[in-house]
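Welcome! Let's take a friendly look at how charged side chains pair up in a protein model. Have the sequence and the 3D view ready as you read.

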Amino acid sequence: MAEYHGLSQIFTTTETSLYNNLFKSPNPPFHSPTALILEISPNPFPQTNHTTTNFVPIIKNNYSFDNLEILDHELETYRSKFNGNGHDNSNNCNVYVAGHVLVYPSYNGFFEKPGLFLDQMFVRKCYRGMKFGKLLFSAVAMQAQKMGMGMVDWLVADWNEETINFYEKMGAHYIPEYRLCKLYGDQLQAFGKKSD
């Protein structure tokens with residue numbers, strides 16, 4: 001995703017940092033950074049009635065992936081370590097990662113209720129155009145609504161017209177007057193040392 005957005009030069013995330021920040025939190029999902037993984041399989045996912053979190057997986061078995069190896073040339077690279085129910089996938093269940101979304105709680109003093117900030121949403125190139133982005137976004141919106149939150153916020157690159165149009169069609173408010181500002185790395189360290 002960093003490569004897609006031209007941010008490879010600032011990319012410092014490691015597998016260990018992802019694990020420590022996303023999966024070792026003492027807080028429940030959606031009350032701390034939370035990743036939802038989009039998994040696909042040529043086999044139907046079993047329906048599940050139980051979950052250990054406040055999120056119930058969305059299972060859609062209406063896609064046909066009979067020729068998955070033709071569609072996805074990196075199939076084995078993205079074989080999931082877990083099946084659709086979070087169990088070990090060592091018995092070769094043919095479950096593959098097609099995308100992800102990363103969210104965390106947010107608050108804006110202009111609104112009465114807290115919300116979720118959608119930090120990243122990414123669908124691998126070979127799966128774009130299959131409405132998986134809409135599925136991921138809907139999962140986040142449904143979770144925010146379920147938790148009584150008042151909003152979902154996110155950023156979109158100003159060059160990404162197709163995505164901006166998609167967001168506007170779903171009813172999102174685009175605010176071109178605002179710009180994202182970040183202070184990180186050496187600049188963060190230097191400014192954090194200034195006392196005047």
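Glutamate 74 and arginine 124 form a salt bridge, with their closest N and O atoms 3.8 Å apart. Glutamate 74 sits in the loop between helix 2 and strand 2, while arginine 124 sits in the loop between strand 3 and helix 3, so this pair ties together parts that are 50 residues apart in sequence. Keep in mind that this is a predicted model. Searching the whole structure turns up three salt bridges.

- Aspartate 72 is in the loop between helix 2 (68-71) and strand 2 (96-106), and arginine 124 is in the loop between strand 3 (115-123) and helix 3 (132-146), so the two tie together parts that are 52 residues apart in sequence.

**Buried or exposed?**
- Aspartate 72 is buried, since its relative accessible area is 2%.
- Arginine 124 is buried too, with a value of 7% for relative accessible area.
- Glutamate 74 is partly exposed, at 43% relative accessible area.

**The pair of arginine 79 and glutamate 76**
- The side chains of glutamate 76 and arginine 79 come together in a salt bridge, with 2.7 Å from N to O.
- Arginine 79 is partly exposed, with a relative accessible area of 23%.
- Glutamate 76 is exposed, with a relative accessible area of 52%.

**The network**
- Through salt bridges that share partners, Asp72, Glu74 and Arg124 are joined into one network.

How values were computed
Residues are numbered from 1 along each chain as its sequence is written. This is a predicted model: local features need pLDDT of at least 70, side-chain atom pairs count only at pLDDT 80 or more; totals for chains, interfaces and linings use all residues. Side-chain values use heavy atoms; hydrogens and water are left out. A salt bridge is a side-chain nitrogen of Lys or Arg within 4 Å of a carboxyl oxygen of Asp or Glu. Helices (H or I, at least four residues) and strands (E, at least two) are DSSP runs, numbered from the N terminus. Buried means under 20% relative accessible area, exposed over 50%, partly exposed in between (1.4 Å probe, protein chains only).
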